[in-house]
Amino acid sequence: MDIAAMSTMISQSSIQQQASLSVLKLSMDSAKVQSANLAEMLQQSTKAMEMSVNPHLGGDIDIKL
């Protein structure tokens with residue numbers, strides 16, 4: 001195998017590796033955003049469930065002096 005062909009193959013594999021890493025980074029960022037959104041949705045649904053079970057709790061404060 002000549003040096004020029006080897007150089008071309010190494011360059012192509014390097015470019016493929018860089019592209020794969022870029023795609024992986026994008027998917028990791030997307031997963032982080034999705035997990036943050038999921039956590040926020042779970043918090044909101046938990047609050048809604050608590051209010052539907054006991055809607056009268058936490059609305060008024062009774063104080064006697």
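The C-alpha atoms fill a box of roughly 95 × 25 × 10 Å along the principal axes.

A word on what you're looking at: this is a predicted model, in which local features need pLDDT of at least 70 and side-chain atom pairs count only at pLDDT 80 or more, while totals for chains, interfaces and linings use all residues. Residues are numbered from 1 along each chain as its sequence is written, and side-chain values use heavy atoms, with hydrogens and water left out.

**Surface and charge**

How much of the protein is buried? Buried residues make up 0% of the 65 residues. Here buried means under 20% relative accessible area, exposed means over 50%, and partly exposed is in between (1.4 Å probe, protein chains only). The accessible surface comes to about 6,300 Å², and 63% of that belongs to carbon and sulfur atoms. These areas come from the Shrake-Rupley method with a 1.4 Å probe; for residues, only the protein chains shown count as cover.

On the charge side, there are 4 positive and 6 negative side chains, and the centres of the two sets lie 5 Å apart. Lys and Arg count as positive and Asp and Glu as negative, with His and the chain ends not counted; each charge is placed at NZ of Lys, CZ of Arg, CG of Asp or CD of Glu.

There's also a nonpolar surface patch made of Leu21, Leu24 and Met28, with about 280 Å² of accessible area together. Patch members have over 30% relative accessible area and no salt bridge; like charges are joined within 9 Å, and nonpolar side chains (Val, Leu, Ile, Met, Phe, Trp, Tyr) within 5 Å. A salt bridge is a side-chain nitrogen of Lys or Arg within 4 Å of a carboxyl oxygen of Asp or Glu.

**A few residues along the chain**

Leu24 sits in helix H1, which covers residues 3-53, and at 44% relative accessibility it counts as partly exposed. His56 falls in the segment after H1 and is exposed, at 60%.

How far apart do pairs of these C-alpha atoms end up?

| Pair | Apart along the chain | C-alpha separation |
|---|---|---|
| Ile3 and Leu24 | 21 residues | 31 Å |
| Asp29 and Ser52 | 23 residues | 35 Å |
| Ile10 and Asn37 | 27 residues | 41 Å |
| His56 and Asp29 | 27 residues | 41 Å |

Terms used: Helices (H or I, at least four residues) and strands (E, at least two) are DSSP runs, numbered from the N terminus.
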